[in-house]
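Dear colleague,

I am passing on the structure we spoke about, and below it you will find my notes on what turned up when I went through it. Please read them with the model open beside you.

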Amino acid sequence: MTAKVIKQETTGMNGDEAIAFAVKQCDVDVVAAYPITPQTIIVEKFSEYVANGEVQTEFVCTESEHSAMTASLAASATGARVFTASASAGLALMHEMLFVTSGSRTPVVMAVANRALSSPLNIHGDQSDSMAERDSGWIQMYVENAQEAYDTTIQAFKIAEELDVSLPALVGLDGFTISHTLENVNTLSDDAVKAFVGERKYPMVTTHEGKQVPFKLDPANPMTMGPNVAPAFYFEFKRQQEEAMRNALIKIREINAEYAKISGRSYGNGLIDAHKLDDAEVAIVVVGSTAGTLKVIVDELRSEGIKAGLLRIRTFRPFPAEEIKNALKNVKVVAVMDKSMAPGAQTGTVFSEVRNALFDLKQRPLTTSIIFGLGGRDTAPRDLRKIYEDLMKAARVGQVDSLVRYLGLKE
Amino acid sequence: MSSKDKTWKELGIAAVCYRPSVGFMTGDWKTYMPIRDLEKCTTCLTCVMLCPEDAIRFRPEHGKIEFDLGFCKGCGICANECPTKAITMKLPEDEE
Amino acid sequence: MTTQEWKFTAKDMAIKPDLFTSGHRACAGCAPAAVLRLVMKATRGPTIVTQATGCMEIVGSIYPYTSWNLPWLHTAFENAAANAAGIDAAIKIMQKKGKMSKEHIDIIALAGDGGTLDIGLQALSGAVERGHDFLFVLYDNEGYMNTGIQRSSSTPLGASTTTSPAGSVIPGKLETKKPITEIMLAHGMEYVATATPYYWKDLLTKVRKGLEVEGPAFLHVFAPCPRGWRSEPSKSMEYSKLAVESCIFPIWEAVNGIRQLSTPSKILQLAPQKKKPVKAYLEGQGRFRHLFLPKNSHVIDQIQSLTDARWAKLLKQCETATN
């Protein structure tokens with residue numbers, strides 16, 4: 001039985017507004033947040049909904065991001081469905097609590113309007129903030145545009161709350177590029193979203209009273225959450241988180257397909273979104289909004305007979321290594337573009353993980369790392385087109401020009 | 001099976017505690033133990049209220065106070081605070 | 001705020017089941033453990049406790065054992081109050097939406113002096129300003145005891161800690177104790193009080209009054225640490241009494257900013273000759289032993305004059321009380 005695609009409304013919204021709208025529809029119980037550019041529109045829009053009685057949500061304006069994540073985690077531990085949002089320095093301030101939230105297995109959903117980290121201070125978009133948190137045990141999904149920001153936020157609640165996942169989920173959108181840019185966004189009806197997301201269910205745990213009860217703070221079932229554990233135990237709990245991530249690889253695909261049935265929109269297989277990659281000789285791998293521009297470039301090149309392709313990584317954590325390997329195995333030259341930089345790593349973060357995924361192939365593509373777009377540095381279509389031209393040259397000579405280069409850097 | 005032998009699949013998620021601490025006897029920590037002179041005890045219950053371990057309990061059914069040496073750490077607060085000096089702290093060998 | 005006087009009798013309290021149970025791993029003679037036991041005795045119904053990292057959080061939750069017979073959450077060191085905020089928000093909305101039974105649930109946030117005055121101050125101030133309904137109980141053992149007796153802003157002048165050791169040049173901590181209750185009062189809280197475990201009935205009453213407040217309430221409880229203070233384990237309650245008798249730690253409560261001394265301190269106001277010199281309190285505590293060297297006697301004088309000044313100021317602040 002196939003579900004029918006729901007009739008949708010088209011409204012002009014930027015990425016932040018689209019996310020606030022999605023949160024409004026998901027019957028979220030608590031939003032605990034602190035403002036930071038370029039996420040501010042999310043919390044401001046949501047405050048309006050609260051003030052106008054359009055949502056039944058307790059909105060807590062915490063005094064810092066660290067407390068925002070704490071309050072979110074504690075509310076989620078009490079059984080509430082929780083959302084928060086941050087960016088850049090705010091996300092960095094939450095760093096300690098990100099690990100705690102994941103380890104506590106509370107399915108908080110957070111939007112991150114990706115922005116550069118200080119110092120120097122820069123309010124514009126790059127992905128350094130959430131890339132720096134890739135070890136924290138959060139599911140990380142990056143969107144290409146405001147439409148996907150809306151769709152992915154809705155999916156994130158369902159993914160995070162899956163019983164054999166029970167991990168917090170981060171939805172990344174490029175700061176200003178997506179967060180502040182107006183687009184046509186097709187939204188589902190309130191009922192359709194509510195039915196899709198459903199009610200939060202809780203995994204069962206055994207307490208010190210010997211009872212098997214839902215995992216939440218409830219005076220009817222006393223439970224101790226957040227104890228200290230000896231070396232004899234810690235490792236096992238981390239392995240449980242890893243298993244949850246592996247389960248998420250499956251659930252994200254399923255939920256992407258389920259959502260496609262009612263919305264008419266599917267994002268690749270949910271983990272990766274390939275564009276004209278099947279017979280591609282050269283390809284770029286990228287995370288985020290740049291993929292939108294690259295799709296246009298790829299189509300242009302294809303019309304000229306050049307076998308160019310694009311792989312957008314939608315889900316970065318858990319890292320879909322198998323899917324990436326299979327998608328790229330027949331490509332001759334791959335450039336991985338990183339909109340973030342970790343000084344001292346020499347090559348990009350996404351680049352390292354993609355290269356790692358390709359390493360066991362008997363026949364490996366040539367790979368090259370491109371660091372770009374830091375601190376909101378613009379990347380023109382002609383620069384992107386030039387990358388493909390360089391890749392074609394590399395395919396002909398059998399060698400890439402350099403292991404790493406900095407696109408748009410004044411040097 | 002000892003808790004320490006449980007595999008990651010056997011342990012419940014998120015380290016929710018599954019044993020009450022009353023299963024962990026702290027009584028072997030003590031050096032000194034409380035000895036009571038029942039004739040001096042007025043059942044004021046000060047010792048019951050101030051013991052950090054809840055190792056001194058009042059039994060209303062027979063109006064008596066019981067010391068639970070299984071948990072008593074021998075701190076001596078009860079002896080120090082007893083208004084009638086009904087409790088003294090002694091080394092176990094002194095009592096034999 | 002109800003004006004009912006609760007009568008906590010020893011007999012009633014003695015037979016009430018403990019929610020912080022035996023088998024916890026606190027040191028022998030730990031006053032904070034006694035404080036927690038007493039605070040839990042004063043609960044009135046469904047209660048959720050959230051705690052900051054510290055001695056009491058560790059000793060009661062050594063996996064897989066727990067000493068807590070109620071829902072209990074620990075996340076990190078600086079955020080007991082932010083935990084409470086999240087729990088409060090969740091309960092409010094879930095009860096409103098019918099996702100949770102409408103029976104009132106009390107929230108108690110517990111933290112040591114580190115998790116309250118220093119790293120915990122921001123979250124506490126924020127939660128209080130936003131008016132969340134919770135009682136914050138500070139068990140003050142005047143140092144970061146769990147990590148090895150390092151100084152906190154609550155460590156008193158002259159105390160030797162591992163990060164303010166009494167050396168040949170510097171005689172222990174040079175700064176005075178941060179007045180956390182004054183900071184809390186400045187927030188305009190409905191109920192702020194101080195207590196010590198020796199006067200346990202007073203402590204229970206204050207816990208109950210704090211719980212009765214619909215909004216934030218703050219209770220500062222003095223709690224000697226024999227390990228950190230290098231004092232006799234058997235004397236932890238005696239020191240918590242001496243602290244009051246020497247006016248080092250006066251006990252009082254402030255309802256809507258109007259302060260009243262509690263009886264043990266009131267007695268000293270009415271009969272100043274009963275006030276003990278600070279020396280009687282400092283003696284026998286290893287952390288102050290170096291002050292009894294002739295070259296450091298000026299510090300004892302300093303402590304005495306600071307104590308006297310603070311006591312005089314407190315008496316003035318209490319003058320505006322209604323009775």
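A salt bridge, as the term is used here, is a side-chain nitrogen of Lys or Arg within 4 Å of a carboxyl oxygen of Asp or Glu. By that rule the structure, which is a predicted model, holds 54 salt bridges over all chains.

The side chains of A:Glu54 and A:Lys24 meet in a salt bridge, with N and O 3.4 Å apart. Since A:Lys24 belongs to helix H1 (residues 15-25) of chain A, while A:Glu54 sits in the loop between helix H2 (40-51) and strand S3 (58-61), the pair ties together parts that are 30 residues apart in sequence. A:Glu54 itself is partly exposed, at 44% relative accessibility.

A:Asp390 and A:Lys386 form another salt bridge, their closest N and O atoms being 3.2 Å apart, but here both residues lie in helix H13 (residues 381-397) of chain A, four residues apart, or about one turn of the helix.

In chain C, a salt bridge joins C:Lys209 to C:Glu253, and the closest N and O atoms are 2.9 Å apart. C:Lys209 is in helix H8 and C:Glu253 in strand S8 (residues 252-255), so this pair ties together parts of chain C that are 44 residues apart in sequence. Both C:Lys209 and C:Glu253 are buried.

Turning to the contact between chains B and C, 35 residues from chain C and 33 residues from chain B take part in it. The area buried between the two chains is about 3000 Å², and carbon and sulfur atoms give 63% of it. How many salt bridges cross this interface? The rule finds one, in which the side chains of B:Asp54 and C:Arg37 meet with N and O 3.6 Å apart. The count of residue pairs in polar contact between chain C and chain B, for residues at pLDDT 80 or more, is 20. On the side of chain C that touches chain B, the elements giving two or more residues include helix H1 (10-15), helix H2 (31-41) and helix H10 (236-245) of chain C, and H1 of chain C gives the most, with five residues. The residues of that side divide into 20 nonpolar, nine polar and six charged.

Helix H6 (residues 121-129) of chain C has several buried residues, among them C:Leu121, C:Leu124 and C:Val128. The buried residues of this helix pack against helix H3 (65-77) of chain A, and also against elements of chain C that include helix H4 (80-96) and strand S5 (135-140). H6 of chain C is followed by C:Gly131, whose phi is positive, near 75°.

There are also some points of backbone geometry to check. Most residues other than glycine have a negative phi, and most peptide bonds are trans. A:Ser166, however, has a positive phi near 50°; this residue is found in the loop between helix H7 (146-161) and strand S7 (169-174) of chain A, and counts as buried at 3% relative accessibility. B:Thr43 likewise has a positive phi, of about 55°, and is partly exposed, with a relative accessible area of 24%. A cis peptide bond joins A:Arg317 and A:Pro318, with omega about -5°, and another joins C:Tyr63 and C:Pro64, with omega about 0°.

Finally, the cysteines: the structure holds zero disulfides over all chains. The sulfur of B:Cys41 is 6.5 Å from the closest cysteine sulfur, in B:Cys47, which is too far for a bond when the cut-off is 2.5 Å. The sulfur of C:Cys30 is 6.4 Å from the closest one, in C:Cys27, again too far for a bond. B:Cys41 is partly exposed, with a relative accessible area of 28%, whereas C:Cys30 is buried, at 9%.

With best wishes

Notes: Residues numbered from 1 in each chain as written. Chains lettered and ligands numbered in written order. Predicted model: local features only at pLDDT ≥ 70, side-chain atom pairs only at ≥ 80, totals over all residues. Heavy atoms only, no water. Buried < 20%, exposed > 50% of the residue type's maximum accessible area, 1.4 Å probe, protein only. Contact = heavy atoms within 4.5 Å. Buried area = accessible area lost by both parts, 1.4 Å probe. Polar contact = N/O pair within 3.5 Å; in protein donor to acceptor, adjacent residues only side chain to side chain. Nonpolar A, V, L, I, M, F, W, Y, C, P; charged D, E, K, R; others polar.
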